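The exercises below are meant to be worked through with the sequence and the coordinates side by side. Try each task before reading the solution that follows.

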Amino acid sequence: MRRLKERSGLTYRQLEERAAERGEVLARSTTADVLRRPALPRPDVVVAFVRACGCPPEDIHDWMAAHRRLADSQATGSQAIDSQAGDSQAIGSQTAGPQAVGPSEFRQAASLGVRAVARIPPTEAGTVPPVRAPHHVPRDLPDFTGREQEMSRLTAPVEGRAVVHAIDGMAGVGKTALAVHAGHLLADRFPDGRLFVDLQGYSEGKTPLTTDEALEILLGQLGIAASDGLEANWRVQTANARLLVILDNAVDEQQVAPLLPSGPGVTIVTSRSRLAGLAAARPLSLAVLPDQEAAAFFTRIVGADRVADEPAAVARIVQLCGGLPLALRLSGARLAHRTAWPVAHLSARLGDSRRRLPELSMAGQGVAVAFRMSYAQVPSEDKGVFHAMGLHPGADADAAVVAAMAGMSPDDADDALQRLVDVHLVEEAVPGRYRQHDLVRQYARSLSLDRQMVKRMLDHYLATATDATARLGTGTGPETATAHAWLTAERSNLLAATRCATAEGHSDYAWRLAVVLWRFLARNLAGDSIELLEQGVSAARETADGGEVLLNTLLALAHWSAGHTSAAHELLAASAKSRGSTEFHAHALALLGLMLLRRGALDAAQEHAEQAFAELAELTALSPLGLDAKIITCWTRGVVRGLRGEHQAALPYLREAYASCAELGGLAPNDHVLTALARCLILLGDHDEAFGHLEQSLVVRRAIGDREGEAEALVLLGAVQRLRGNPEDAVRTQRSAVHMLHGDPRLQACARIELGATLTALGETATAIHEYEAALALAVQGRHSHERARALHQLAQTLRVDDPKTAERHQRRATEITTELGVQHETSLPHLRPAGW
């Protein structure tokens, strides 16, 4: 059969296609297996093969006669063979597959097949087909998926030049599959041969091939016997040959360089290491599969009908495998052989991190085995850094924290990290930030659970965060910018470190980290901060070191920022009821007063502010936390008096808040204080000072991205412009503020009321009435009584000449509302950022 294939000149693919045209199945893998093994194939395979090779129908008789002769010989002798061989040799036990035969039986039957081979008609040119070029590229994977961009680079025309592609990537990412797939697509372009050699750089239980060993294989594939001077012979033999050479699984550049052919053609090298020193090579770093391609790959392995009803489970498996093709293949193969399992069952098994690596193994192959071979090549001095990356709890890490964990200098740690990047055990997503694939991290953790590394990490983060938050208080400048940049970059890591401290039983670190970050977190709260602070509260209760009140306060701010105002109020109320007169307690009281003010409970807000201020007055010195509480109490007492129309009485409190902001420095909430002070000064007639404060507030709010606060400042700036005699400028300023507001009906109502007043000053009464009515509708919609009263009052003032009855009705209702609230109608509740203090 091998001679028949050689004489036919057909490839495995062509044989498969010819058989398919007759409605017969002759898979390439089956044909290759039959021709490689010394066993008797099934009769149907022989018939399909002979027909595909071009034999006339009458020759089928000779081939089947040969098959019967071999089969009969095996049947008569199988019992004796079995009894002599014992249980270890079960020859011919699988009747459906290839059946082993002995050499004597083959010789007796082969002449029949030889006669049939001789009768193959000549080719169209009238000659026997020439010897086919050597083709040693392994079988292509039928389920190869994706990699279109990479494939286009590998298969681009080379125009007679020598091209070397160096594919690198982590273990299991599909480097060999990509190279082999490209080899099959490129095969027809290289008539002198397609060669392949596994250099065994990272093979379990094998040593890397030497140069001579690899050259013997390559020359042997060209049909050239080994001799002395292998390198010189290789260069001579390849000088004018157009070859495709795949050098798979290389250790480094030194192993590869002597194996590059000297003539035109394409060489594809794969390695887990970056081959930066390989001259003129075109690097191609292979990443894991994108989610869509990974899901398609998994589906092709398992079968579309099997996964059609469970897309969410497939997506979860893709996520748990991290898009790694080897992990996807192993998990898909496991599912394919577990027909009773739904996809969700495999997803649940992989979801247990302790079982994930064992689940991703089959028949001695597995993800952990692949990683082990990469790890074995790591120098001993870099293994501690590899372990540190595995134990780091965040999504990424810088060299400083890795150095602290591994007990080395940052420069040495960075050098080690770069070496690990080169062998794809660590990734550098952005300069200076390092991470590991999830499965690599799990493997690293399986090698080391050094608790001292975790403690050194917590020491590093606590000390560095303490220093960074202290520098935030210096105001502006390079140091402050550097501190803010570090806190922003490390925010998620600091949250993760706090979770880690709680999980590892380091309660003191957990709550102290949260306390150190109180000001930065309060300005940058998000959903994950709630989890952080809840763990911090729990840790503080365990240590009883006094941080529970502050952490409850921070947790309340986090809930406030997330819109959970009821939860925030309950937490602040609980903190305010705690015993003791400390800065923590005063701060909780001050924030509770702030929340009560926002709810419109002016008396209760003032009471809490006064109590907090009294507690602070008993302390000999105030920390930044105490100064923050003092600013809030002064601001609250001033704003409450302003809402009651006592603007002259409000001014000293607001000026004291402003002075305390200067004392606190860059951490202070200057924009709230500046805006409240400006509002008071406007009502007292000091327009110039008010204008200056509003310009400062506008700069701050634009810098921090507070759009609603920016709109409030613009509305007040427009009021100053109007009062200075520039109503046209005021209209433009206030209209821009109205256009900025979309979500908060209260602030929209405030802005439209002020715009209406400016339009009234311009004599555009009808337009002003339209703005007042729009403001009234917004206030009613949002149940904002204060703004409703203001809108009714402005409508009454505007309509009193042309429609006195309506004006009187509006004014009467406005007075009823303001009396209930205990406020004056000419001012509004100020804008407050959730957790902005």
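Two residues are in contact when they have heavy atoms within 4.5 Å of each other. The model used throughout is a predicted one.

**Exercise 1. Find which residues have the most contacts inside the largest nonpolar core, and then list the contacts of Met457.**

Solution. Begin with the core itself, which has 96 residues, and in which Ile268, Phe298, Val367, Phe371 and Met457 have the most contacts. Next, ask which element supplies the largest share: helix α23 (residues 451–472) does, with 9 residues. Then take Met457 and set aside its neighbours within four places in sequence; the remaining contacts are His392, Pro393, Val401, Met405, Ala497 and Cys500. Finally, note that another core lies apart from this one, with 92 residues that include Ala629, Trp635, Leu759 and Ala768.

**Exercise 2. Decide whether Gln255 is buried or exposed, and identify what it touches.**

Solution. First locate Gln255, which belongs to helix α11 (residues 253–256). Its relative accessibility is 9%, and because buried means under 20%, Gln255 counts as buried. When residues up to four places away in sequence are left out, Gln255 touches Leu199, Pro208, Leu209, Asn249 and Ala250. For one of these, Pro208, the separation along the chain is 47 residues, while the C-alpha atoms of Gln255 and Pro208 are 8.7 Å apart.

**Exercise 3. Describe the second largest pocket by its volume and by the classes of its lining residues.**

Solution. The volume of the second largest pocket is about 1,200 Å³. Of its 38 lining residues, Gly172, Thr176, Ala177, Leu326 and Gln365 are the closest to the centre. Elements giving two or more residues to the lining include α8 (175–186), β5 (243–250) and α15 (325–336). Sorted by class, the lining has 17 nonpolar, 11 polar and 10 charged residues.

How values were computed:
Residues are numbered from 1 along each chain as its sequence is written. This is a predicted model: local features need pLDDT of at least 70, side-chain atom pairs count only at pLDDT 80 or more; totals for chains, interfaces and linings use all residues. Side-chain values use heavy atoms; hydrogens and water are left out. On a 1 Å grid over the protein atoms alone, a cavity is a set of points where a 1.4 Å probe fits but cannot get out, and a pocket is an open set with protein on both sides within 12 Å along at least five of seven lines; lining residues have an atom within 4 Å of a point. Grid points are joined across faces, edges and corners, and a volume is the space filled by probe spheres set on the points. Helices (H or I, at least four residues) and strands (E, at least two) are DSSP runs, numbered from the N terminus. Ala, Val, Leu, Ile, Met, Phe, Trp, Tyr, Cys and Pro count as nonpolar, Asp, Glu, Lys and Arg as charged, and the others, Gly among them, as polar. A nonpolar core is a set of buried Ala, Val, Leu, Ile, Met, Phe, Trp, Tyr and Cys residues joined through side-chain atoms within 4.5 Å. Buried means under 20% relative accessible area, exposed over 50%, partly exposed in between (1.4 Å probe, protein chains only).
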